[in-house]
Amino acid sequence: MDRGTFAGAADARSALRNLGNDIGSNGWPTGTIVDSAYADRVLVPLGDNLRAVYRVNDKGRAQLRTVLERKD
């Protein structure tokens, strides 16, 4: 994650961990959208230009799949 959003790998790891904990406690944050290519995935804002992709299974459990750089 050397895109200028985080100072390093440890900061990126911490941000993802905090995001997961926040989703578990408060639900999906504002700006979360359903992936138009995969109905079982959501794109969650992470920093200024990144999206965390979570797969949501039939039981409602979310699993981090990848992080994408957002292109406008």
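**Figure 1. Overall size of the protein chain in the predicted model.** A compact globule of 72 residues would have a radius of gyration near 11 Å, and the protein chain, with 12 Å, agrees with this expectation.

**Figure 2. Helix and strands along the protein chain.** The chain contains 1 helix and 4 strands, and when these elements are read along the sequence they follow the pattern α-β-β-β-β. Among the contacts between residues at least 6 apart in sequence, 27% join residues that are at least 24 apart.

**Figure 3. The largest nonpolar core of the protein chain.** This core has 12 residues, among them F6, A12, L16, V44, L50 and Y54. The elements that each give two or more residues to the core are helix 1 (9-26), strand 2 (41-46) and strand 3 (50-56), and the largest share, 5 residues, comes from helix 1. In soluble globular proteins, nonpolar side chains tend to be buried together. Across the protein chain as a whole, buried residues make up 24% of the 72 residues.

**Figure 4. The surroundings of G31.** G31 lies in the loop between helix 1 and strand 1 (33-34). Leaving aside residues up to four places away in sequence, G31 touches L43, P45 and R51. A7, by comparison, is 24 residues from G31 in sequence, and the C-alpha atoms of these two residues are 23 Å apart in space.

**Figure 5. Surface and charges of the protein chain.** The accessible surface of the chain comes to about 5,200 Å², and 43% of this surface belongs to carbon and sulfur atoms. The chain carries 11 positive and 9 negative charges, and the mean position of the positive charges is 6 Å from the mean position of the negative ones.

Note on methods. Residues numbered from 1 in each chain as written. Predicted model: local features only at pLDDT ≥ 70, side-chain atom pairs only at ≥ 80, totals over all residues. Heavy atoms only, no water. Rg over C-alpha atoms; globule rule 2.2 N^0.38 Å. Buried < 20%, exposed > 50% of the residue type's maximum accessible area, 1.4 Å probe, protein only. Contact = heavy atoms within 4.5 Å. Areas by Shrake-Rupley, 256 points an atom, 1.4 Å probe, with all protein chains shown as cover. Lys, Arg positive; Asp, Glu negative; His and termini not counted. Charge placed at Lys NZ, Arg CZ, Asp CG, Glu CD. Core = buried A, V, L, I, M, F, W, Y, C linked by side-chain atoms within 4.5 Å.
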